[in-house]
Amino acid sequence: MSFREKTAWVTLLAIIAVTLLYWAHVPKFIEPQHGVWVLHAMLASLVAYVVIELVAWIVLRQRHPRDARTPADERERLIDLKAIRIAYYVFATGALGGVFVALHLTRGGPTGVGMAVFLAFVLSQMVKHATRIVFFRRGA
Amino acid sequence: MPPTAVTNSIRQLRFQHGEMTQQELGERVGVTRQTINAIEAGKYSPSLEVAFRMAEIFGVRVDEVFHYGNAPQPGKDGVP
């Protein structure tokens, strides 16, 4: 497994772990008056994600110092671009769909809209790293 | 993703050059071992720059490393 595939796995697992924690705690705050709590939960999730990612990156870098120093080659950059393109469509579709559902179907208000966009972003990042893993395993 | 129409002789060339490993070739070309493996397996077509660098390392022409479709290969089929 290449170094970049390992980092993709770490990032994907970190996002899944933080997302599960987030959704385990946040749904009870979905009412509009709890908007500030939702915002705090989002910020706490982002901080937790950054910490997990940073620790994992340091561990990977210590275990594979040479690979970590090597810049991404043309195939790896191409894989990243393909994954970002797919993630963009997921984010655009998810955000627009989520906002529509939040405003018209669940009457979630600004809190619902914020959660919908945040969920679309998280989902797009999951798709991005899962796509990277698939392309790395397939070769290109 | 379907395999590319570009085939190559990298494996033979590596063995003709002191059984060079994919890792060694990758380091000399400036790509990862996984990328050399993908090129060798026909899963990824490299850029012209990488193709020329490989040919230079093996001391042959680019068309002796990479072949397109059913085009006759140099050194084979009576092609000089």
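**Notes on the model**

1. Buried residues make up 24% of the 80 residues in chain B. Buried here means 20 or more other C-beta atoms within 10 Å of the residue's own, exposed means 12 or fewer, and partly exposed lies in between, with C-beta atoms placed from the backbone. In chain A, 26% of the 140 residues count as buried.

2. This is a predicted model, in which local features need pLDDT of at least 70 and side-chain atom pairs count only at pLDDT 80 or more, while totals for chains, interfaces and linings use all residues. Residues are numbered from 1 along each chain as its sequence is written, and chains are lettered from A and ligands numbered from 1 in the order in which they are written.

3. The model scores are ipTM 0.78 and pTM 0.80. Chain B has an average pLDDT (the predictor's confidence in each residue, from 0 to 100) of 85, and 81% of its residues score at least 70. Where pLDDT is low, the predicted coordinates should not be read in detail.

4. Chain A has five helices and zero strands; helices (H or I, at least four residues) and strands (E, at least two) are DSSP runs, numbered from the N terminus. The C-alpha atoms of chain A fill a box of roughly 50 × 30 × 20 Å along the principal axes. Chain B has five helices and two strands, in the order β-α-α-α-α-α-β along the sequence.

5. For chain B, residues 24 or more positions apart account for 49% of the contacts with a separation of 6 or more.

6. H4(A) has 32 residues and spans 45 Å from first C-alpha to last, close to the 46 Å expected at 1.5 Å a residue; the expected span is 1.5 Å times one less than the number of residues. Its buried residues include Arg75(A), Glu76(A) and Ala102(A). The cover over the buried residues of H4(A) includes helix H1 (3–25) and helix H5 (109–138) of chain A, together with helix H3 (33–40) of chain B. After H4(A) comes Arg107(A), with a positive phi near 50°.

7. Eight residues from chain A and 12 residues from chain B form the contact between the chains. On the chain A side, helix H4 (residues 74–105) gives the most, with three residues.

8. The largest nonpolar core has 13 residues, and Val29(B), Ile39(B), Met54(B) and Val65(B) have the most contacts inside it. A core is a set of buried Ala, Val, Leu, Ile, Met, Phe, Trp, Tyr and Cys residues joined through C-beta atoms within 7 Å. Helix H2 (22–29), H3 and H4 of chain B each supply at least two residues of this core. A second, separate core of 12 residues includes Val18(A), Val38(A), Ala102(A) and Ala116(A).

9. Why does Phe58(B) count as buried? Phe58(B) does so because it has 20 C-beta neighbours inside 10 Å. Phe58(B) lies in helix H4 of chain B and, leaving out residues up to four places away in sequence, touches Leu13(B), His17(B) and Val65(B).

Notes: Two residues are in contact if their C-beta atoms, placed from the backbone, lie within 7 Å.
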